Amino acid sequence: MTKKKFERPQLKNVEELSEELVLTSLKLSQANQRLREEQAARNDMFTSISHDLRSPLTAIKNAVELLSSMEECSSEKVSSLLKMMAGRIDTLEHLINDIFLLVSLDNNCAKMDLKPIQLGFFLEDFFFSREEDSLYKDRNLELLVPEDLDVYVNMDPAQMERVLDNLFTNAYKYSDKDATISLDATLKDNEVIISVKDTGIGIAKENLEKVFERCFIVETARTPGVSSTGFGLAITKSIIEHFNGKIWCESTLGEGSCFYISLPCEP
Ligand code: ADP
């Protein structure tokens, strides 16, 4: 048997290598450019789809509002139909807005007005406005944020309000009458950990991470009459990541859930 001769691979010289490097980086920058163009086209498409969907929906909404105020439509049957239509229109509007926001967040083109915000005051304001909201009249709202929490967080206050509102609305949706919903914040090194805790139905262990995925809805948790899109926590997570923060959840079925948000902060 003849022994196969070992052939030493030919080494490329420096010029050949640097030529290849230039070519590869050119290809890479062309691919990058294509990607940017595709992303811009996708953004335009979603902007125009959501605009095209919003306009007829607004027209239908106005017509339903007009009909609801007319005497000819005051019979019990007609007004209950109009009420049902108004509810469906709200759900659709909510869904279109959520999809649009999620796409803008994905493409880094959502309106983000990041600035240092005094967190203690911000959380108090948020809490007091929910206390006045009749939605929570049969829930116990608890503010546990320490009065001397004097830290600044770089965030967009309108988007942060949306995050907390989503956590509070979920705490309401997935709990029963007389449940407790509490808002807390603690300092840990250079981070602040905000938590929204409820004594509601809880989340099964296997779903704790899935709840942050798009369109994930626990079928058994569907509350009759409460609209669910399954986008709320995906949007929440994306906003928090835009603030360089993290979000996670701990929960026990039948006892309740606690959503934690950690954010970098400065004294
Ligand atoms: P939506 O509430 O519109 O369905 P979310 O993304 O906000 O969408 O939530 C996803 C799923 O996570 C919900 O369908 C629900 O099953 C579960 N979930 C969220 N928050 C809570 C909570 N506080 N308690 C129990 N389940 C919750």
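The side chain of N170 places an N or O atom 2.8 Å from an oxygen atom of the ligand. A nitrogen atom of the ligand lies 2.9 Å from a polar side-chain atom of D198, and a nitrogen atom of the ligand is 3.5 Å from a side-chain N or O atom of S257. The protein buries 98% of the 540 Å² that the ligand exposes when taken alone (accessible areas by the Shrake-Rupley method with a 1.4 Å probe; for residues, only the protein chains shown count as cover).

This is a predicted model, in which local features need pLDDT of at least 70 and side-chain atom pairs pLDDT 80 or more, while totals for chains, interfaces and linings use all residues. Residues are numbered from 1 along each chain as its sequence is written, and side-chain values use heavy atoms, without hydrogens and water.

## Shell around the ligand

The ligand is surrounded by 20 residues (a heavy atom within 4 Å); N170, K173, Y174, T229 and L233 are the closest. By class, the shell holds 10 nonpolar, 8 polar and 2 charged residues (Ala, Val, Leu, Ile, Met, Phe, Trp, Tyr, Cys and Pro are nonpolar; Asp, Glu, Lys and Arg charged; the others, Gly among them, polar).

Helix 4 (157-173), helix 5 (232-242) and strand 7 (256-266) each supply at least two shell residues (DSSP runs numbered from the N terminus: helices H or I, at least four residues; strands E, at least two). Helix 4 gives the most, with 3 residues.

## Protein chain

The protein chain has 5 helices and 7 strands. Its C-alpha trace spans about 95 × 50 × 50 Å along the principal axes.

Definitions and conventions
Polar contact = N/O pair within 3.5 Å; in protein donor to acceptor, adjacent residues only side chain to side chain.
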